Amino acid sequence: MTAETSQTLDRGLRVLKLLADTDHGLTVTELSNKLGVNRTVVYRLLATLEQHALVRRDLGGRARVGLGVLRLGRQVHPLVREAALPALRSLAEDIGATAHLTLVDGTEALAVAVVEPTWTDYHVAYRAGFRHPLDRGAAGRAILSARQQPTGEPGYTLTHGELEAGASGAAAPLLGVTGVEGSVGVVMLADSVPERVGPRVVDAAKEVAEALR
């Protein structure tokens, strides 16, 4: 800790991170041991977080992340979208195809940012808010490939006709961005994806990941 930081706020944020990393919640004693502070401090932290609905405690006394976190989370997509737009615009103009940023939302892939090229005669209409299963389409498959290869370079994923007849897609996962699981890709009306598109999508995903760090 430095003179410019708050020890209490730091501990409260650590509590939220610890609770976010468990599915079954944590007791006061468990939090006390993990934080290295006494139980009285933990009780005060939990009481404050409960007042803001960021933490809830079940009948057994185990603390879990509260629904108030969802209200904060709703503001994440606009921030991520804004950070990704420059790289997506560059990708769409360079390739001449619709570029998109897709994030995981439960068991689905959710397009949160879409940029269409300005100079093409035609392109695939793809809208922000479009959802599809993670195991269909290049965007979702790229995310799954990163899960299967948590270390190393998953590269890019190519698909054809999985979400729209006659359309091909290429996508690469976002890597090294804490709390964000997603991919960057393009979709085009073509029987196959040109060779240069895959590496270009990987570069765009790296640009977006860097903007989000």
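1. The structure contains 13 salt bridges. Bear in mind throughout that the model is predicted. Side chains of opposite charge can pair when their charged atoms come close.

2. One of these salt bridges joins R62 to E30, and its closest N and O atoms are 3.1 Å apart. R62 sits in the loop between β1 (55–57) and β2 (63–65), while E30 belongs to helix α2, so this pair ties together parts that lie 32 residues apart in sequence.

3. Helix α2 also takes part in a helix packing. Two packed helices are described by the angle between their axes and the distance between the axes. For helix α1 (residues 7–20) and helix α2 (residues 28–35), the angle is about 115° and the axes are 11 Å apart. The crossing of α1 and α2 is right-handed.

4. Which residues make the contact between the two helices? From α1 they are R11, R14, V15, L18 and L19, and from α2 they are L31, K34 and L35. Sorted by class, five residues of this contact are nonpolar, three are charged and none is polar.

5. By class, the lining of the second largest pocket consists of eleven nonpolar, eight polar and three charged residues.

Notes. Residues numbered from 1 in each chain as written. Predicted model: local features only at pLDDT ≥ 70, side-chain atom pairs only at ≥ 80, totals over all residues. Heavy atoms only, no water. Axes fitted to C-alpha atoms, helices over the stretch in contact; angles between N-to-C directions. Helix = DSSP H or I, 4+ residues; strand = E, 2+ residues; numbered from the N terminus. Left-handed = near helix turned anticlockwise from the far one by under 90°. Contact = heavy atoms within 4.5 Å. Nonpolar A, V, L, I, M, F, W, Y, C, P; charged D, E, K, R; others polar. Salt bridge = Lys/Arg side-chain N within 4 Å of Asp/Glu carboxyl O.
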